[in-house]
Amino acid sequence: MLARIWALVIKEFLAILRDKKSRLVLIGPPLIQLLVFGYAATFDLNHIPYAVYNQDAGFASRELLGDFQGSRAFRQVAVLHSAGQIAPLIEQGKALLVLQIGPNFTADLLRHQQAPLQVIIDGRNSNTATLALNYVNSVLLSFDNRWAATQQWGRSPAQLVVRAWFNPNLLSRWFIVPGIVALLTLVVTLLVAGLSVAREREQGTFDQLLVTPLTPGEILLGKALPGIIIGALEAVFISLAVVFWFHVPLLGSIPALALGLLLFLLAAVGIGLMISSLSLTQQQGLLGVFLFLVPAVILSGFATPIANMPALVQDLTYLNPMRYFLVIVRGVFLQGDNISLLWNQYWPLALIALASMTAASWLFRHRMH
Amino acid sequence: MNLQRLRALIHKEFLQILRDPSAIAIAFLMPMFLLFLIGYGVSLDARHVPVAVVVDHPTPQTSAFVGGLQESPYFHPQLYDSIQRAQHALLDRQVSAILWLRGDFSREVLQGETANIGVLVNGVDANDARIVEGYLQGVWQNWLQQTAVDAGKPLLVPVRVESRIWFNPALRSRDYLVPGLIAVIMTLTGALLTALVVAREWERGSMEALMASPVTMAEILLGKLIPYFLIGMGGMLLSVALAVWLFAVPLVGSFWVLLVCSSLFLLAALGMGLLISSVARNQFVAGQIAIIVTFLPAFILSGFIFDIQSMPTPIQFITHIVAARYFVSILQTVFLAGDVWPIILWNSLALLLMAIFFLGITLLRSRKRLD
């Protein structure tokens with residue numbers, strides 16, 4: 001029996017790797033994507049382009065603007081001399097925000113009166129705008145504290161002391177890059193599994209496979225193993241790159257990560273085979289993979305938190321294997337989780353794997369055209 | 001170019017589309033499905049964030065602070081009786097942050113010292129953590145204001161931010177994500193529609209039959225391009241209609257500008273699909289390449305969700321070869337800001353060049369030759 005499965009696995013690998021282009025697309029792009037996306041996928045703002053419209057001649061406004069110039073988060077792109085210059089600058093996206101300071105800024109502050117700093121901000125990308133406003137606030141906060149201390153404004157009754165666990169500098173790269181392990185593994189595994197049965201159906205060789213002495217279980221294993229092996233190799237390689245190239249800390253236990261990966265691969269391959277055995281042509285198989293992949297990635301918590309989704313969509317994400325694997329990957333990398341802390345992620349993955357594999361092997365037999 | 005032959009080819013393509021309805025599914029069902037799911041599902045606006053509140057020594061001062069937290073729509077505060085239990089909840093992902101008012105909070109506030117309010121956030125999702133931190137600062141500033149008013153003293157903050165947010169005053173993340181989403185979806189439909197069709201003809205051997213006929217390569221390509229362009233535009237109109245009527249995204253700019261820019265983008269996307277298809281000649285490879293060069297770059301490198309200006313310079317440079325980048329910029333501007341001509345014209349020019357490039361290369365590469 002093992003020999004039969006082994007023969008089928010070898011045949012599957014030959015079908016995938018025989019073509020040079022097909023070999024290339026399995027190895028090259030994931031590496032390039034890891035590098036490009038690892039650097040591109042960030043919510044941290046650097047060098048926010050801003051312009052200044054300062055109507056005040058005093059030293060307070062100069063000091064405040066100096067704080068912005070000194071901050072790494074901001075990059076001054078223009079100095080404006082009339083209010084009319086503001087609109088075109090923001091509309092064309094040349095500056096994300098304009099800092100406007102009124103003529104009495106220093107005078108008001110010296111008379112111990114509160115002075116406004118007007119911020120006109122481009123809200124087209126609402127996340128960037130929210131974060132940029134937070135950055136402006138934090139620059140202002142340190143200015144305020146300094147000014148209050150040196151100009152005898154009295155002390156603030158309380159201050160916030162914020163500490164972040166697991167990611168002290170709040171680098172969004174630490175959040176996104178481990179997620180790429182899950183993302184690229186899912187893409188590759190689904191593609192390999194999703195087209196494997198469809199290709200044979202389109203060429204008519206699947207019927208031949210069904211009349212061989214191979215049992216449906218053996219066919220299932222033979223079709224599943226290549227996807228699992230290729231996915232596992234990619235995942236291990238990408239994880240190594242995450243640790244050694246992107247320097248994301250790996251604090252947790254490696255067996256916990258390995259167990260999660262195995263269950264995740266089983267679930268992904270199961271879904272891929274299910275899609276594949278439902279399709280009669282490779283085009284349908286590919287379409288099916290897409291229809292699963294795109295929502296699975298977007299509704300996984302990879303980039304936007306699941307907690308922000310409406311309740312109904314949140315319930316849907318329980319069917320998404322990537323959701324659980326992302327928690328596992330991030331938990332093991334950043335929070336130092338071990339196997340016992342992650343049970344709640346393992347068993348749904350196992351359940352999805354079991355259900356999809358069973359459905360796939362049933363479909364092998366029952367979907368004939 | 002022979003119009004009659006072209007018409008026959010287009011007719012044949014339409015028949016093929018009708019017979020295998022997956023093209024219709026790609027063009028109409030997929031955009032609808034994705035817009036529904038993602039339009040409702042993707043949001044960066046944190047609401048009702050679970051926060052553990054630990055008050056060591058309850059007093060009127062602490063309850064004023066906690067009251068401010070309870071009134072905020074952003075938070076769902078939960079009281080914990082010890083910091084250890086709150087930290088355990090943070091580890092367990094039950095809460096996203098801890099707010100800790102220590103025992104000497106009220107004494108320090110009343111004696112005119114500066115009390116420390118301890119905030120502990122789970123930094124794993126750094127973006128979310130920053131947003132939560134910003135909201136907490138808002139609660140804190142409101143509390144300062146209220147405390148000053150209650151004490152009959154002016155507020156002790158020298159400079160205050162007065163922000164005016166243009167184009168999206170409520171900062172609804174859906175208003176910026178849905179227009180960008182249209183670009184992601186169109187990239188998928190455009191490339192998927194054509195990526196497989198030429199590869200399929202090669203794989204099935206029907207390309208050889210076509211080559212034996214008197215049609216020219218340009219006619220074959222046009223015969224593929226025109227039907228899928230029409231279907232793709234149908235999908236595009238459907239997406240815009242859903243964005244405006246279902247998701248209530250304001251369309252400030254003009255519809256016609258949107259239409260012209262969309263057709264330029266669709267030509268570029270279809271051209272890319274045709275090129276993939278003629279390079280790969282094999283549906284597995286064509287499919288792989290289509291996913292790799294379309295969906296993920298359109299998702300990550302287009303400015304749909306991650307701001308291009310925050311990326312490192314070399315990566316920003318790479319984004320220039322992603323067609324979706326130009327279209328996302330046009331869509332976000334036309335929907336939210338209106339017809340800002342410098343943005344529309346430059347990005348349209350880039351799209352036009354990309355369309356010409358992809359279609360031109362495809363035409364050059366496609367010779368009537370069997371290897």
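Domain bounds here come from an automatic or database domain assignment. Chain A is assigned domain 1 (13-41 + 171-366) and domain 2 (48-150). The centres of domain 1 of chain A and domain 2 of chain A, taken over C-alpha atoms, are 47 Å apart.

This is a predicted model, in which local features need pLDDT of at least 70, side-chain atom pairs count only at pLDDT 80 or more, and totals for chains, interfaces and linings use all residues. Residues are numbered from 1 along each chain as its sequence is written, while chains are lettered from A and ligands numbered from 1 in the order in which they are written.

**Interface of chains A and B**

- In total, 99 residues of chain B are in contact with 96 residues of chain A (contact: C-beta atoms, placed from the backbone, within 7 Å).
- Helix H6 (residues 126-150) of chain B gives the most to the side of chain B that touches chain A, with 13 residues (helices, H or I of at least four residues, and strands, E of at least two, are DSSP runs numbered from the N terminus).
- That side of chain B comprises 61 nonpolar, 24 polar and 14 charged residues (nonpolar: Ala, Val, Leu, Ile, Met, Phe, Trp, Tyr, Cys and Pro; charged: Asp, Glu, Lys and Arg; polar: the others, Gly among them).

- An open sheet of 5 strands has the order E2(A)-E1(A)-E3(A)-E4(A)-E5(B), with mixed pairing (two strands pair if DSSP finds at least two bridges between them).
- E2 (74-79) of chain A and E5 of chain B stand at the edges with a single partner strand each, so one side of each has no neighbour in the sheet.
- From one strand to the next, the twist averages 30 degrees (axes are lines fitted to C-alpha atoms, for helices over the stretch in contact; angles run from 0 to 180 degrees between N-to-C directions).
- Strand E4 (residues 115-122) of chain A pairs with strand E5 (residues 159-166) of chain B in the parallel sense, over 8 bridges.
- A:Val119 has B:Ser163 as its bridge partner in E5(B), and A:Asp122 has B:Trp166.
- Helix H6 (residues 126-150) of chain A lies across E1, E3 and E4 of chain A together with E5 of chain B, at about 165 degrees to E5(B).

**A helix pair in chain B**

- The axes of helix H7 (residues 173-204) and helix H11 (residues 283-300) of chain B come within 9 Å and cross at roughly 170 degrees.
- H7(B) and H11(B) are therefore roughly antiparallel to each other (over 145 degrees).
- Their contact has 13 nonpolar, 4 polar and 2 charged residues.

Conventions. Two residues are in contact if their C-beta atoms, placed from the backbone, lie within 7 Å. Angles under 35 degrees count as roughly parallel, over 145 as roughly antiparallel, 65 to 115 as roughly perpendicular and the rest as oblique.
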